Amino acid sequence: MKHKIFSLILLMIVLVLAGCKEQPIVQAPAGFHIIKAPIERTPFTVPIDWITIDIVDEIVEEIDSEPIKHVDEKVVYLTFDDGPSKQTEQILQILADYDAKATFFYLVPNMIEFPDKVREVAMNHTIGHHGVSHNKEIIYRSASSVVEEMMEGQDYLYELTGISSNLIRAPFGSSPYMVPEYKQAVRDAGFILWDWTIDSRDWQYRDGRYIDEVITQYEKLSSDKPVVILLHEHIETVEHLPTLLNYFAQKGYTFRSLNESLPAYVNPY
Ligand SMILES: [Zn+2]
């Protein structure tokens with residue numbers, strides 16, 4: 001940057017000096033006017049390294065500031081809801097084996113039960129909030145009850161880890177419970193709502209069939225959507241998790257955590 005400013009100042013000085021070169025005063029003989037001829041000047045050339053370095057700097061800056069286009073990349077976002085749990089440790093081990101990052105949407109009572117797991121997960125992965133009650137009648141009673149449950153999770157996570165996360169997942173998904181008024185309320189409170197694009201239905205199968213379910217939905221998934229997979233911290237889910245990771249790893253995918261700069265995916269209302 002200093003080099004760039006110095007180069008510009010030097011360039012300006014040289015140009016100003018060149019422009020101020022005084023012309024000899026010539027007296028025109030009586031009856032004649034002096035017509036100013038164009039002044040011949042040697043074209044000023046800037047040393048090549050002054051320009052190239054600055055241009056390269058600018059190009060690099062432009063590339064760095066480009067937004068992340070997750071739909072163009074081969075990325076899978078694994079999301080585990082309802083934890084932490086007794087299975088968390090094993091999930092972390094499997095993820096580490098595949099150099100995979102994931103996102104965990106936590107319930108407050110479970111964070112209270114497993115505070116050490118929360119701290120451990122927070123070191124390598126992203127944590128978001130899933131509320132307190134996980135009960136449709138309670139959390140979706142009003143816009144403020146949704147916001148309050150999510151804030152309780154946010155406060156408790158901060159207390160445990162010093163991390164303030166704005167990511168949330170609505171229990172049972174945003175549709176149809178998160179009516180437009182509720183969505184606006186969580187947005188106003190600074191939260192970023194995330195649904196999934198693939199529901200593994202591991203909550204229903206409770207065996208290895210959820211892998212086939214994921215693959216079937218993945219094959220139908222439109223290419224403009226991110227691959228966000230809904231999973232739970234069930235024993236059966238963990239048991240077959242390496243098969244799932246293998247499937248996507250062999251297709252050249254990497255596994256990343258959601259973050260607050262990604263455009264959040266929400267299912268149509
Ligand atoms: Zn849930």
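I229 is buried, with 23 other C-beta atoms within 10 Å. A residue counts as buried if 20 or more other C-beta atoms lie within 10 Å of its own, as exposed if 12 or fewer do, and as partly exposed in between, with C-beta atoms placed from the backbone. The residue sits in strand β7 (residues 227-232). Strands are DSSP runs of E with at least two residues, helices are runs of H or I with at least four, and both are numbered from the N terminus. Beyond its neighbours within four places in sequence, I229 is in contact with V76, Y77, L78, T79, W196, I198, S200 and V214. Contact requires C-beta atoms, placed from the backbone, within 7 Å. From I229 to R201 the C-alpha to C-alpha distance is 9.9 Å, and the two are 28 residues apart in sequence.

The model is predicted; local features need pLDDT of at least 70, side-chain atom pairs count only at pLDDT 80 or more, and totals for chains, interfaces and linings use all residues. Residues are numbered from 1 along each chain as its sequence is written. The predictor's confidence in each residue is its pLDDT, on a scale from 0 to 100. For the protein the mean pLDDT is 83, and 73% of residues reach 70 or more. Over residues 13-70, pLDDT stays under 50. For that stretch the model has 18 contacts beyond four places in sequence.

The secondary structure comprises 11 helices and eight strands. The protein has 269 residues, of which 29% count as buried. Contacts between residues at least 6 apart in sequence were also examined; 75% of them join residues at least 24 apart.

Two packed helices are described by the angle between their axes and the distance between the axes. Here the axes are lines fitted to C-alpha atoms, for helices over the stretch in contact, and angles run from 0 to 180 degrees between N-to-C directions.

Helix α5 (residues 115-124) packs on helix α7 (residues 143-161) at an angle of about 80°, with the axes 10 Å apart. That makes α5 roughly perpendicular to α7. Angles of 65 to 115 degrees count as roughly perpendicular, under 35 as roughly parallel, over 145 as roughly antiparallel and the rest as oblique. From α5, P115, V118, R119 and A122 meet L157, L160 and T161 of α7. By class, this contact of α5 with α7 has five nonpolar, one polar and one charged residues. Nonpolar covers Ala, Val, Leu, Ile, Met, Phe, Trp, Tyr, Cys and Pro; charged covers Asp, Glu, Lys and Arg; the others, Gly among them, are polar.

Helix α7 also packs on α8: the axes come within 9 Å and cross at roughly 35°. The crossing of α7 and α8 is right-handed. A crossing is right-handed if the near helix is turned clockwise from the far one by less than a right angle, and left-handed if anticlockwise. On the α7 side, A143, S144, V146, V147 and M150 meet E181, Y182, A185 and V186 of α8. The contact of α7 with α8 has seven nonpolar, one polar and one charged residues.

Helices α3 and α11 (residues 235-250) pack at an angle of about 15°, with their axes 10 Å apart. They are therefore roughly parallel to each other. α3 passes α11 in a right-handed crossing. Q90, I91 and I94 of α3 meet V238, L241, P242 and L245 of α11. The contact of α3 with α11 has six nonpolar, one polar and no charged residues.

Most residues other than glycine have a negative phi, and most peptide bonds are trans. A cis peptide bond joins G83 and P84, with omega about -5°. P84 lies in the loop between β1 (75-83) and α3 (88-97). Another cis bond runs from S175 to P176, with omega near 5°. P176 falls in the loop between β4 (167-168) and α8 (180-188).

D82 is not a glycine, yet has a positive phi of about 75°. This residue is in strand β1. D82 is partly exposed, with 19 other C-beta atoms within 10 Å. H134, also not a glycine, has a positive phi of about 50°. H134 is located in the loop between β3 (126-129) and α6 (136-139). H134 is partly exposed, with 17 other C-beta atoms within 10 Å.

Notes: Two residues are in contact if their C-beta atoms, placed from the backbone, lie within 7 Å.
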